[in-house]
Amino acid sequence: MKTSTSSETTSAVRMLKRPSSARGHADHGWLNARHSFSFGGYHDPAHMGFRSLRVLNEDHIAAGRGFPTHPHRDMEIFSYIVSGALAHRDSMGNSETLRPGQIQLMSAGSGVTHSEANPDKDNAVHLLQIWIEPASRGLEPTYSEWHPDAQREQDAKVLVISPDGEDGSAVIHQDAKVYRLRLEPGQTVSHELGNDRGLWLQVIRGKLDIGGTEFEAGDGASSEQPGVHQFRATETVEALLIDLP
């Protein structure tokens, strides 16, 4: 699915900007969420998703609060922890607490239930939760994680999710790859997008220049233009880059 509105701008490399301020917003007291695409009570026909990327929520969950047990099916769901901790429990028997920089990926497949809670009684947890449509429906549910490698913490671009678990990445049931970007000011990283693919970049911290357009925390950038895309940090940056079918 393609998305565009008059509030979005196109850079020299034809990346559409989804400004942070244009996202949907839900404040439930215990949960403060920003929605890049239609979700829950936020509905925008122009922003229903991007290709196989269906949900991209930035959540702040209050201390000691969380989502009670609830069901999912036929969706690849992963959480990236920005700060704090997230306790995950599911009907497959997994019970894990994720820390900053870590990822947990649940393939809901034919059906699964899970809960997510902030175990810290004093501090909120900040995370991104992202849903990608699977390549096939009715799959057996699975669970996978990615933890940072201390020897690669300074790498500008690290593969964190892939279809085959390459380089120790979490496994997704879709022809998609997710990379974590960490850049210092002035540092540049590139990504080559293949034919019939889509690229989504979500800035978590800092500021990036993409073809002369500035992107900052909370902004998204998308492209379906094949070729090499370059991202230059103007401030210390943390971001996720998603290459999608």
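This is a predicted model: local features need pLDDT of at least 70, side-chain atom pairs count only at pLDDT 80 or more; totals for chains, interfaces and linings use all residues.

Analyst: Residues are numbered from 1 along each chain as its sequence is written, and side-chain values use heavy atoms, with hydrogens and water left out.

Strands here are DSSP runs of E with at least two residues, numbered from the N terminus (helices are runs of H or I with at least four residues). Two strands are said to pair if DSSP finds at least two bridges between them. Strands of a sheet pair through backbone hydrogen bonds, either parallel or antiparallel.

Strand 10 has an antiparallel pairing with strand 5, made over five bridges. Within that pairing, H70 stands opposite H114 of strand 10. Strand 7, residues 86-90, is also antiparallel to strand 10, and four bridges join the two. Here R89 is set opposite S115 of strand 10.

Next comes the loop between strand 9 (103-107) and strand 10, where G109 is located. G109 counts as buried because its relative accessibility is 4%; buried means under 20% relative accessible area, exposed means over 50%, and partly exposed lies in between, using a 1.4 Å probe and protein chains only. Leaving out residues up to four places away in sequence, G109 touches R73, D74, M75 and L139, where contact means heavy atoms within 4.5 Å. H88 is 21 residues from G109 along the chain, and their C-alpha atoms are separated by 17 Å.

One of the residues touched by G109 is D74, which lies in the loop between strand 5 and strand 6 (76-83). D74 has a relative accessible area of 7%, so it is buried. Its phi is positive, about 50°, although D74 is not a glycine. Most residues other than glycine have a negative phi. A positive phi also occurs at D196, near 60°, again in a residue other than glycine. D196 sits in the loop between strand 16 and strand 17 (198-205). With 69% relative accessibility, D196 counts as exposed.

The largest pocket holds about 290 Å³ of space. On a 1 Å grid over the protein atoms alone, a pocket is an open set of points with protein on both sides within 12 Å along at least five of seven lines, whereas a cavity is a set where a 1.4 Å probe fits but cannot get out; lining residues have an atom within 4 Å of a point. Grid points are joined across faces, edges and corners, and the volume is the space filled by probe spheres set on the points. The lining has 19 residues, and those closest to the pocket's centre are L31, H35, F39, N57 and F67.

At 30% relative accessibility, E133 counts as partly exposed. E133 and M92 are 41 residues apart in sequence and 20 Å apart in space, C-alpha to C-alpha.
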